[in-house]
Amino acid sequence: WFIGRLQTERDKARVIEGLEGVAAGSGQKFDRQEMEQILAGLGNRIFLLNNVHEDAPEVFESRWAMSYLRGPLTRTQIKSLMEPIKAPANTVVPMATAAATAAQTAPANPAATPAAVAAPTASPVGQRPVLPPEISQYFIPVRADAPAGAMLTYQPMVLGAAEIHYSKAKSVDLSQELTLLANIDEGPIAVDWDQATAVDLPVQDLEGAPVDAAGFSNLPPAAGKAKNYDSWRKDFAGWIYRNQKVELFESPSLDLISNPGESERDFRVRLQQLGREKRDEAVEKLRQKYAPRMAALEEKRRRAEQAVAREAEQAQGQKVQTAISFGATLLSSFFGRKTVSLSTLGRATTAARGVSKTMKESSDVERAQDTVEAVNQQLADLNAQLKTETEAIQQGGDPQTEELEKVNLKPTKSNISVKLLSLVWAPQWRDAQGQTTSAWE
């Protein structure tokens, strides 16, 4: 900074603010009160030289100074000089071009009354501005190839990154990342989160330095004040609280909730697969439940069938024995003595008892067969019951036709964590016609 005598208090205030900003950007100590005293004591042809590479400012006197500024300025010259200031934030107009245009259109009368033209307080267009150290700034990496004849420029924006947690009893517990990019305007609302754009840009990918030989668009004054970023951070969290929500689908039959961003169709496809697996699992559990009863009845039937075979064998043997006894008694009666002896009477009695025993054995066979039939009926009834319950499980709610319930979840303020809010420089390719395209998407 090279400063002569200041005409007004407003000029003095602007100079001090500029010096203070330069000192903050370079990390130097700045004594505002001392600087005000030095500036107040400047006389005619007394100048102040503030070199950022020196430890302290210097005051010196010059015998004369010559002004090479043309004046008075014409309307065309004023318009040319004001174009960089009035240009939109995303337009880069080199100051050198505007100055050259003004010089070419200036009148050829160098002896006209000199007029001082105040330079803009913002950083020159096309150069990286100097910011206070408490303002963090990052650079979005360049990912797109440069079109023919295009130059790289950086557009100032505000990036907000947050983690949002959603929960509902024991059914939902999920987190969601949100990253927004917002333009910085010069109006009363510098950053409008309603107009911000959600981007897929991990904060880990942000870079700390720009690409060499790149230009910079004008930085709005609001972006150069550190206190504004605290306000924008609170506004960002408030915007999330008011606007962000997650809409999910819930299946009452399967007690399952869809994932964030999952469409109803995809959710139903997943439900169908899951429902099939659950039905198979339920059928298997049902079979395991009936298995012990089935095994017991099978064992009971096996023993009953063995009893039938045993009783039938015994009955057959008794029939043979009874037949033999009857045959022996009859033969003895025909070929023996005509008188009835005690032995003949005993054999007849034995034969009669054999007939009675044969009838008893036949009754045992019938009872054993009845037991087998009863067990078979029990097995048939149990299989029918198993089949009915299995069909009921398999014919349960169809996920394709089930009416899904909608679940709307909104975060609480305590579940919103702003991970980063910072000034970021978005790269753009600018062609010769001034058209810009994104250099990072």
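Q: Leaving aside its neighbours within four places in sequence, which residues is glutamate 250 in contact with?
A: Happy to start here, with the note that this is a predicted model. Glutamate 250 belongs to strand 9. Once neighbours within four places in sequence are set aside, its contacts are Lys168, Asp255, Leu256, Ile257, Phe267, Leu404, Glu405 and Val407.

Q: Is glutamate 250 buried or exposed?
A: The cut-off for buried is under 20% relative accessible area. Glutamate 250 has a relative accessible area of 14%, so this residue of the predicted model is buried.

Q: Which residues have the most contacts inside the largest nonpolar core?
A: In general, nonpolar side chains of soluble globular proteins tend to be buried together. Here the largest nonpolar core has 42 residues. Strand 5 (151-168), strand 6 (172-183), helix 5 (226-243), strand 9 (246-251), strand 11 (405-409) and strand 12 (416-430) each supply at least two residues of this core. Inside the core, the most contacts belong to Trp193, Trp232, Phe236, Ile240 and Leu248.

Q: Which residues does a second, separate core include?
A: Besides the core of 42 residues, there is a separate one made of twelve residues. Among its members are Leu159, Ala161, Leu181 and Leu420.

Q: Leaving aside its neighbours within four places in sequence, what is phenylalanine 236 in contact with?
A: Phe236 is one of the buried residues of helix 5, and it is listed among those with the most contacts inside the largest nonpolar core. Leaving aside neighbours within four places in sequence, phenylalanine 236 touches Gly160, Ala161, Ala162, Leu180, Trp193, Val418 and Leu421.

Q: How far apart are the end C-alpha atoms of helix 5?
A: Helix 5 has 18 residues, and at 1.5 Å a residue these should span 26 Å.

Q: What covers the buried residues of helix 5?
A: The buried residues in helix 5 are Asn228, Tyr229, Trp232, Phe236, Gly238, Trp239 and Ile240. Their cover includes strand 5, strand 6 and strand 12.

Q: Which helices does the salt bridge of glutamate 20 with arginine 32 link?
A: The closest N and O atoms of glutamate 20 and arginine 32 are 2.9 Å apart, and the two form a salt bridge. Glutamate 20 is partly exposed at 36% relative accessibility, and arginine 32 is also partly exposed, at 34%. The partners sit twelve residues apart and link distant parts of the chain, namely helix 1 (residues 9-26) and helix 2 (residues 32-40).

Q: Is arginine 268 buried or exposed?
A: Arginine 268 forms a salt bridge with glutamate 264, with closest N and O atoms 3.1 Å apart. Both residues lie in helix 6 (residues 264-335), four residues apart, which is about one turn of the helix. Glutamate 264 is partly exposed at 35%, whereas arginine 268, with a relative accessible area of 12%, is buried.

Q: How far apart are the closest N and O atoms of lysine 245 and glutamate 247?
A: Lysine 245 is partly exposed, with a relative accessible area of 44%, while glutamate 247 is exposed at 52%. The two form a salt bridge, and the distance between their closest N and O atoms is 3.6 Å.

Q: Which residues make a nonpolar surface patch of about 240 Å²?
A: Methionine 82, in helix 3 (residues 75-86), is one of them. This residue is partly exposed, with a relative accessible area of 32%. The patch is made by Ile78, Met82 and Ile85.

Methods: Residues numbered from 1 in each chain as written. Predicted model: local features only at pLDDT ≥ 70, side-chain atom pairs only at ≥ 80, totals over all residues. Heavy atoms only, no water. Core = buried A, V, L, I, M, F, W, Y, C linked by side-chain atoms within 4.5 Å. Buried < 20%, exposed > 50% of the residue type's maximum accessible area, 1.4 Å probe, protein only. Contact = heavy atoms within 4.5 Å. Expected span 1.5 Å × (residues − 1). Salt bridge = Lys/Arg side-chain N within 4 Å of Asp/Glu carboxyl O. Patch = residues over 30% accessible without salt bridge, like charges linked within 9 Å, V, L, I, M, F, W, Y side chains within 5 Å. Areas by Shrake-Rupley, 256 points an atom, 1.4 Å probe, with all protein chains shown as cover.
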